[in-house]
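Biologist: I am new to this structure. Please take me through one part of it in detail: the charged pairs and the packing around them.

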Amino acid sequence: PMDLLNEMFRSAHSIKGLSGMLRLSEINVLTHKVENVFDAARNGELPVTEECVEVVIHAIDCLSAMIDA
């Protein structure tokens, strides 16, 4: 599980950095928030509950739609 959290964190971090460089502010802001969730989960500050997973999945769906647009 920790390997998966680290991988998801790195992916969010990469998207955040690229979106910042490309000045895609809405994507950057949402990805930063997702990155914070993954970081808190990695550090044991946020339990990974069903509700937490649902929120992250919704955020990823939103990011996907933003990227498609």
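Modeller: One definition comes first. Buried means under 20% relative accessible area, exposed means over 50%, and partly exposed lies in between. Keep in mind that this is a predicted model.

Start with the salt bridges. The structure holds 2 of them. One joins Glu35 to Lys16, with the closest N and O atoms 2.8 Å apart. Glu35 sits in helix α2 and Lys16 in helix α1, so this pair ties together parts that are 19 residues apart in sequence. Glu35 has a relative accessible area of 5%, so Glu35 is buried. Lys16 is at 17% relative accessibility, so Lys16 counts as buried too.

Now take the other pair. Arg42 forms a salt bridge with Asp39, and here the closest N and O atoms are 2.9 Å apart. Both residues lie in helix α2. They are 3 residues apart, about one turn of the helix. Arg42 is at 24% relative accessibility, and therefore counts as partly exposed. Asp39, with a relative accessible area of 26%, is partly exposed as well.

Next comes the packing. In soluble globular proteins, nonpolar side chains tend to be buried together. Here the largest nonpolar core has 11 residues in all. Among them are Leu5, Phe9, Leu30, Val34, Phe38 and Ala59. Two or more core residues come from each of α1 (2-21), α2 (25-42) and α3 (50-68). Helix α2 gives the largest share, 5 residues. Setting aside neighbours within four places in sequence, Ala59 is in contact with Leu30 and Val34.

The largest pocket holds about 180 Å³ of space. Its lining has 13 residues, and those closest to its centre are Leu5, Met8, Phe38, Val48 and Val53. Helices α1, α2 and α3 each supply at least two lining residues. The largest share, 5 residues, comes from α3. The lining divides into 13 nonpolar residues, no polar and no charged.

The second largest pocket holds about 160 Å³. Its lining includes Met8, Ser11, Thr31, Val34, Phe38 and Ser64. Again, α1, α2 and α3 each supply at least two of the lining residues. This lining divides into 8 nonpolar, 3 polar and no charged residues.

Terms used
Residues are numbered from 1 along each chain as its sequence is written. This is a predicted model: local features need pLDDT of at least 70, side-chain atom pairs count only at pLDDT 80 or more; totals for chains, interfaces and linings use all residues. Side-chain values use heavy atoms; hydrogens and water are left out. A nonpolar core is a set of buried Ala, Val, Leu, Ile, Met, Phe, Trp, Tyr and Cys residues joined through side-chain atoms within 4.5 Å. Buried means under 20% relative accessible area, exposed over 50%, partly exposed in between (1.4 Å probe, protein chains only). Helices (H or I, at least four residues) and strands (E, at least two) are DSSP runs, numbered from the N terminus. Contact means heavy atoms within 4.5 Å. A salt bridge is a side-chain nitrogen of Lys or Arg within 4 Å of a carboxyl oxygen of Asp or Glu. On a 1 Å grid over the protein atoms alone, a cavity is a set of points where a 1.4 Å probe fits but cannot get out, and a pocket is an open set with protein on both sides within 12 Å along at least five of seven lines; lining residues have an atom within 4 Å of a point. Grid points are joined across faces, edges and corners, and a volume is the space filled by probe spheres set on the points. Ala, Val, Leu, Ile, Met, Phe, Trp, Tyr, Cys and Pro count as nonpolar, Asp, Glu, Lys and Arg as charged, and the others, Gly among them, as polar.
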